[in-house]
Amino acid sequence: SSDLMHWTSYQWATLSRYVCLRPFDTTSESGRANERHRRAVLAVISSTIARASAIGAAFISVPLTIKYLGTERYGMWMTITSISGILAFSDFGMGNGLLNAVAGASGREDRDCAARSVTSAFFMLAAVAATTLCVLAACYPIVSWGRLLNLRSPIAIAEAGPTAAAFIVCFALNLPFGIAQRIQMAYQETFQSNLWQALGSLAGFFALLCAIHFRAGLPSLVAAFSGAPVLANALNLWVQFKFSRPWLSPRLRFFDWSSSKRLLSTGFAFLSIQVGSCITFSADNFIIARFLGPSEVARYSVGARLFSLINLMPQILFTPLWPAYGEAYARGDMTWIRTTLKRSAFLGLALSVGVGSCLLVVAPWFIGKWTRGYVS
């Protein structure tokens, strides 16, 4: 017991030295390692705050929306939300490719390469967003949304098309705006990105409460809830280009086909991962809706949202380290990469097993209390 307490106090003392706003001296390898740890610790803290705000908003909003919408319309909403997973690879992995490219350019201190990569990604993602909206406009009149989602009630059938359109429009607009988060992550400023995400989540939550208060329909509710984070990302992008890093502001003269090809080449490597993630985490709602109906999606999605906490812990831990690995690799700091990877992998596994074990015990009781009996 004393050994455990000593080890815990030592680890806490080690981590606490990184909880500071003043950066370390990065002229030496040890200084760069300390600075990466400092930024990673700040990112984990801010990510915990952002995720906690999102979890708190979900804890309050889920029973409210199920009661307000009913299980079929709530299940329809969750099914339509799964479109984000299916459309996630519509950027061809360019977001992740941009993160790697800018992280490497940061390690080489190459501003021109970073500017070309950001400009190329922005205009390509804007083109993808415009194409998505054109496809939506062409397909919207001819798709039987109620039949596609296996709906039964007249109000759900009437709202299906507008709800899907509202969600897809928000998703498309977020494609170019979302590169602000990739830029911040690439420069190991994930803590700033997390704070903007928390702002978007809270704004969406209050927009959702306003929509319920004024008895708005599901399309307006989805537009308010999904549009607020898009607005936060747009504001984040404006601040990034106007004040933080004006040299990264997209300009046509910075557009470079070779940079675009490199982004796509790197992005396609991530594309297979995104497709696999889509099949694993997004297709289930559509399958359930088609065979069992949206009401069963409501029951399934509540449990899935609760157990997503298992994946949350490794995401909070690993996401800030991704760009740090890219920057360290560009500088040749391989020892730091090996050491940090081993420690973070062990910690992530321990956290996932611990959280998963607790959820297995409390989930049946908690879901019934959480949804006030609407889902059991």
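Which residue forms a salt bridge with Arg38? Select Arg38 and look for Glu35: the two form a salt bridge, with the closest N and O atoms 2.8 Å apart. A salt bridge here is a side-chain nitrogen of Lys or Arg within 4 Å of a carboxyl oxygen of Asp or Glu.

**Before moving on**

This is a predicted model, in which local features need pLDDT of at least 70 and side-chain atom pairs count only at pLDDT 80 or more, while totals for chains, interfaces and linings use all residues. Residues are numbered from 1 along each chain as its sequence is written, and side-chain values use heavy atoms, with hydrogens and water left out.

**Whole chain**

Show the cartoon. The protein chain has 16 helices and 0 strands. Helices (H or I, at least four residues) and strands (E, at least two) are DSSP runs, numbered from the N terminus. Color by burial next. Of the 376 residues in the protein chain, 47% are buried. Buried means under 20% relative accessible area, exposed over 50%, and partly exposed in between (1.4 Å probe, protein chains only). Now consider contacts, meaning heavy atoms within 4.5 Å. Among those in the protein chain with a separation of 6 or more, 80% come from residues 24 or more positions apart.

**Stop 1: helix α2**

Return to Arg38 and Glu35. Both lie in helix α2, 3 residues apart, about one turn of the helix. An α-helix has 3.6 residues a turn, so residues three or four places apart point the same way. Arg38 is buried, and Glu35 is buried too.

Select Arg32 next. Arg32 sits in helix α2, which covers residues 29-81. Its relative accessibility is 14%, so Arg32 counts as buried. Leaving out residues up to four places away in sequence, Arg32 touches Asp25, Thr26, Thr27, Glu327, Arg331 and Asp333.

**Stop 2: Glu327 and its partners**

Follow one of those contacts to Glu327. At 6% relative accessibility, Glu327 counts as buried. Which residues pair with Glu327 in salt bridges? One is Arg36, with the closest N and O atoms 2.5 Å apart. This pair links distant parts of the chain: Glu327 is in helix α15 (residues 321-331), Arg36 is in helix α2, and 291 residues separate them. Both Glu327 and Arg36 are buried.

Another partner is Arg331, where the side chains meet at 2.4 Å, N to O. Glu327 and Arg331 both lie in helix α15, 4 residues apart, about one turn of the helix. Arg331 is partly exposed, with a relative accessible area of 31%.

Now select the network: Arg32, Arg36, Glu109, Glu327, Arg331 and Asp333 are linked by salt bridges. Side chains of opposite charge can pair when their charged atoms come close. A search of the whole structure finds 9 salt bridges.

**Stop 3: positive phi**

Stay with Glu109. It lies in the loop between α4 (94-108) and α5 (111-139). Buried or exposed? At 63% relative accessibility, Glu109 counts as exposed. Check its backbone: Glu109 has a positive phi of about 55°, although it is not a glycine. Most residues other than glycine have a negative phi.

Jump to Arg215. The loop between α9 (190-213) and α10 (218-244) holds Arg215. Arg215 also is not a glycine, yet has a positive phi of about 60°. At 62% relative accessibility, Arg215 counts as exposed.

Then go to helix α12 (residues 283-291). Its buried residues are Asp284, Asn285, Phe286, Ile288 and Ala289. Gly293 follows α12 and has a positive phi, near 100°.

**Stop 4: α8 against α9**

Select helix α8 (residues 179-186) together with α9. Their axes come within 7 Å and cross at roughly 150°. That makes α8 roughly antiparallel to α9 (an angle over 145 degrees). Axes are lines fitted to C-alpha atoms, for helices over the stretch in contact, and angles run from 0 to 180 degrees between N-to-C directions.

Show the side chains at this contact. From α8, pick Gln181, Gln184 and Met185; from α9, pick Thr190, Gln192, Ser193, Trp196 and Gln197.

**Last stop: Ser258**

Select Ser258 in helix α11 (residues 257-281). At 35% relative accessibility, Ser258 counts as partly exposed.

How values were computed. Parallel < 35°, antiparallel > 145°, perpendicular 65-115°, else oblique.
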